[in-house]
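The notes below are grouped by topic.

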Amino acid sequence: MKKYIILLFITLSSIVSNSQEFNGVLIDGDLASFVSKMKAKNYSLRKYIENGAIMDGKVGYNEVEVFIFTTPKSKKVFRLSVYFPKKT
């Protein structure tokens, strides 16, 4: 039983330690480097906002708007919101 608990703990810790990514780009680092990585994936910058940026692109065959949010002090990317403006 102790072996199963240790195995479960190791499995859960490895899942938690992995970074999140969107379309092959890790969600980390500063805003400028994240935007340049997204531009390399054919996303276009629409505009910068107070704590982030808005980009346009495609996921699969769907046009999307990607809202990138940064922390107020360090300006590190910590969250993305993806919106599908057109009904498919």
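The charged end of R79 sits over the ring of F69, 4.7 Å from the ring centre, where sitting over a ring requires NZ of Lys or CZ of Arg within 6 Å of the ring centre and within 35 degrees of the ring normal. This is a predicted model, in which local features need pLDDT of at least 70 and side-chain atom pairs count only at pLDDT 80 or more, while totals for chains, interfaces and linings use all residues. Residues are numbered from 1 along each chain as its sequence is written, and side-chain values use heavy atoms, with hydrogens and water left out.

**Aromatic pairs**
- Two aromatic pairs are found in a search of the whole structure, a pair being rings of Phe, Tyr or Trp (its six-membered ring) with centres within 6.5 Å, called stacked under 30 degrees between planes, edge-to-face over 60 and tilted for the rest.
- The rings of F67 and Y83 are edge-to-face, because their planes stand at 90°, with the centres 5.2 Å apart.
- F67 belongs to strand β5 (residues 62–70) and Y83 to strand β6 (residues 77–83), so the pair ties together parts that are 16 residues apart in sequence; helices (H or I, at least four residues) and strands (E, at least two) are DSSP runs, numbered from the N terminus.

**Helix α2**
- The buried residues of α2 (residues 31–40) are L31, F34, V35 and M38, buried meaning under 20% relative accessible area, exposed over 50% and partly exposed in between (1.4 Å probe, protein chains only).
- The face of α2 turned away from this buried side carries the exposed residues A32 and A40.
- Just after α2, N42 takes a positive phi of about 70°.
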